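Subject: The structure you asked about

Hi,

Here is the structure I promised to pass on. Have a look at it first, and then read my notes below.

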Amino acid sequence: MRKIFDFHGGIHPQENKHQSLQTPIRDAGIPPELVLPLGQHIGAPASPIVEVGQRVLKGQMIAEPLGFVSVPVHAPTSGTVSAIEDRQIAHPSGLQAPCIVIASDGRDEWAPLTTAADYRQLAREELLARIRNAGIAGMGGAGFPSAVKLSTRPGSQVNTLIINGTECEPYITADDVLMREQPGRIVAGARILQHLLAPGETLIGIEDNKPEAIAALRAAAQGTEIEVVVFPTKYPSGGEKQLIEILTGKQVPSGGLPLDIGVICQNVGSVVAIHDAIVEGRPLISRVTTVTGEAIAEPGNFTVLLGTPMQYLLARAGYRAEQNRRLIMGGPMMGFTVPDANVPIVKTTNCLLAPGHGELPAPSPAQACIRCGMCAQACPVSLLPQQLFWFAQGKEFEKLESHQLFDCIECGACSWVCPSNIPLVQYYRASKAEVLQLRRDHERSDQSRMRFEARQARLEREEAEKTAKRAARKQAAQQRAQAAAAGGSGDEDPIQAAIDRAKAKKAAQQAGGAQHDASEQEKLEKAVVTTRQRLETASSKLAQAQAEGSDLVTALQTGVDKTRAKLAAAEKALQEFQQAGPALTAGDAAGDPAAAAIARAMAARQADAAMAPADKARNQLQGLEQRLEKTRDRLASSQANGDEQKIIEALAMTVTRLEEKVSAAREQLKNPGDA
Amino acid sequence: MLEFIVQYPLLSALLALVGLGAVFGAVLGFAAVQFKTEGNPIADQINALLPQTQCGQCGYPGCRPYAEAVANGEAINKCPPGGEAGIQALAALLDLEVIPLDEEHGEEKVKAVAFIREAECIGCTKCIQACPVDAILGAAKQMHTVIASECTGCDLCLEPCPVDCIDMIPQRESLQTWHWPLPDPASREPQVIATDAEAAEDRAA
């Protein structure tokens, strides 16, 4: 007889398991619509690979895993994808999450499956890939991808493989009936895992309140190396770390994994799913779920397709809604109230609990903590719940962490024993989430700081580069000036050289001067000619328009006027050039265009400055008014279309802001002196 | 040695004290040079507690300058994005009293992310220049867009936008951000005794 160990604490709540054990597993059937959330497991949600309207077959993959810690989703029956959208899911928040909705066609047509005649022929990686592609995630309630759990690092030795058939939580019997009715599949699945992991020993752990399951498994395990170990009933011995301690006497280190002490644990439901996936090639598309509670006429266990609305399953079991105050997914200790009875069954839904009026009453109002220490005696992880409670109230996160808050398994034993009815677990859950949130915020703020500092450094560098460039230019200018000064005051030779240079330049300019002159004149003449041509065409067009009585007459008229003015200017320029031409020296001719350009720019600036205050303000006002009008139109159309409230509010705000700006601009236009 | 001490007790005592002073002075002087800390370590610690939105609502151009100011005695309640929790953390670090947020500098708001209505963006790059964490992408006369994961929600891009095409969108609660709330402390106040609650339930039933 194997030695059985005990873990600290634990409680003995009323089991209430017999209600759902009266009948064998029933089939829940195919509902008309199945809703499959993309994230039914711990890790990254799967990504859809089907389109709306596409026909899918039973067992066909409809969403592929994203990343290592993720599993795919399969169609539980044949039908058509009717939507891929956000739907409410079974989550305590009541929030929506992306789901694939399948309208079933009732034909239940299978997709082709890859079976394995002999899994012993398959490589380790191939087996793991098949488990992963079958979409198997821990079915005891946590939903951690099984393939990830089974992917041991090379070199790490698995001493003990534990199949968890404990099911310690009250009311739930899904694993119990599975062990009673399908012990062969469990043992066969365990042998696949044995082949995969080569453990030193394989144990199936069961509490002693399930004698039928124990007998069935013992019979099935006859002649194999698998040992069925029975131990006294206590909550929460089904917790992974607690079960390991019961069976091996070893504790999983804080923050560590069972594999660190050479143990791997799998739920019986997951083992059956692995068996089905490897031997029959069937992906995870259904599970056994307990439906129980006083508000259920015929409580029992059902094989139910994933994605089945809870309402449909409840109806199968004779749900009396009027007797039910809240619907719980999971057990009474660790489950949560679902927001709506229409949310779908997922891979982790091991139980639907519909308590009647007298059953599981709402907790009485919490009283003050009296420091009795009963919670510390009940805690299976040997924490100090009363201390954690104080720190959680005071939000002393550092102390919470130093008191090992993250080792809490949220089993609820402390709340159950608390004579003051303090919802202790809720404090720990909230604090854990808050600590994680703070860590994430801190990471984010670190990231922002790095970006800010990088930007600051970049701006500084750019500024420094600019200053350096400016300094270099200044220095170069100084050097040139110095060189010039040195040349002026130096020996005769440099003077002579400078004079020579100047003379050479003059000669060159004189040589090119005439040519330059000619080209300038040519250009001006050409301008006059083309402008005249343009004037002629414009005039003829105008005449035509006037003859036809077109709307364009005024526009054409202004065009003609403008061209005429241009022509006059061109002619004048030509005349001036011809007059000045002979009088100009060669050097002046070269300087003239530049001087003219400068003069023009100055004139333009003066004109701009002259009309600036009034005209500019008027232009601005006009622009603002246009924008205001546009925004008003948009607001009106948004309101008419019934857009989101947020958009309408934002637009309304913009309108008021623009109105303010417009009135300010008007004010400014009235009293330009203020600006 | 002993003779000298016996002969000149006062002088030897003086010598001993001066000698001790010289030795410790040398050790301290060496330590001051050898283990000199660069920058202001307290300002670094304060900066680590600030939310790094770089929003300037405190009146300083960024979190780092405010951290330095706080290290030099500035009030700790001028950071609205840090909120109540930030003030508490600063008070704990600096051993100061927790004071309420200075409303002159703004209120604690829901976290938001800037969003550019891209159809209206004229590509002026003004928001890009205003963004303290380089979270806006774009080029002159090209549409700009906000990198949502990097945006700190500081509002600094709103003011310079000439066409008012930037909205601050409050972050929506998702499955990733949701977590269990702390139990309502009010429910712990024994307003009704337990038997009253049961009686009320029975009546309701």
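Let's begin with a stretch to be careful about: over residues 583–590 of chain A, pLDDT stays under 50, and the model has six contacts for them beyond four places in sequence. Where pLDDT is low, the predicted coordinates should not be read in detail. What you have is a predicted model, after all. For chain A as a whole, the mean pLDDT is 86, with 91% of the residues at 70 or more.

Now for a helix inside chain A. Is α6(A), residues 240–248, enclosed or open? Seven of its nine residues are buried, so the rest of the structure largely encloses this helix. The buried ones are Gln242(A), Leu243(A), Ile244(A), Glu245(A), Ile246(A), Leu247(A) and Thr248(A). And what covers them? The cover includes four strands of chain A: β9 (160–164), β10 (201–207), β11 (226–231) and β12 (263–267).

Next, follow the chain from β9 towards α3 (174–181) of chain A. The loop between them holds Glu167(A), and Thr173(A) lies in the loop between β9 and α3 too. Glu167(A) has a relative accessibility of 10%, so it counts as buried. Thr173(A) is buried as well, with a relative accessible area of 0%.

For Thr173(A), the partners are Lys17(A), Ser20(A), Leu21(A), Glu167(A), Thr290(A) and Asn301(A).

Two packed helices are described by the angle between their axes and the distance between the axes. In chain A, α3(A) packs against helix α5 (residues 211–220) at about 40°, and the axes are 7 Å apart. That angle makes α3(A) and α5(A) oblique to each other, and the crossing is left-handed. On the α3(A) side, the contact is made by Asp176(A), Met179(A) and Arg180(A); on the α5(A) side, by Glu212(A), Ala213(A), Ala216(A) and Leu217(A).

Over to chain B. How many helices and strands does it have? There are seven helices and four strands, and along the sequence they come in the pattern α-α-α-α-α-β-α-β-β-β-α. Of the 205 residues in chain B, 30% are buried. The chain exposes about 12900 Å², and 61% of that comes from carbon and sulfur atoms. If you take the contacts in chain B between residues at least 6 apart in sequence, 51% join residues at least 24 apart.

Chain B has a helix pair to look at as well. Helix α3 (residues 41–49) and helix α5 (residues 83–94) of chain B pack at about 160°, with 10 Å between their axes. Ile42(B), Gln45(B), Ile46(B) and Leu49(B) of α3(B) make the contact with Ala89(B), Leu90(B), Leu93(B) and Leu94(B) of α5(B).

Cheers

Key: Residues numbered from 1 in each chain as written. Chains lettered and ligands numbered in written order. Predicted model: local features only at pLDDT ≥ 70, side-chain atom pairs only at ≥ 80, totals over all residues. Heavy atoms only, no water. Helix = DSSP H or I, 4+ residues; strand = E, 2+ residues; numbered from the N terminus. Buried < 20%, exposed > 50% of the residue type's maximum accessible area, 1.4 Å probe, protein only. Contact = heavy atoms within 4.5 Å. Areas by Shrake-Rupley, 256 points an atom, 1.4 Å probe, with all protein chains shown as cover. pLDDT = per-residue confidence, 0-100. Axes fitted to C-alpha atoms, helices over the stretch in contact; angles between N-to-C directions. Parallel < 35°, antiparallel > 145°, perpendicular 65-115°, else oblique. Left-handed = near helix turned anticlockwise from the far one by under 90°.
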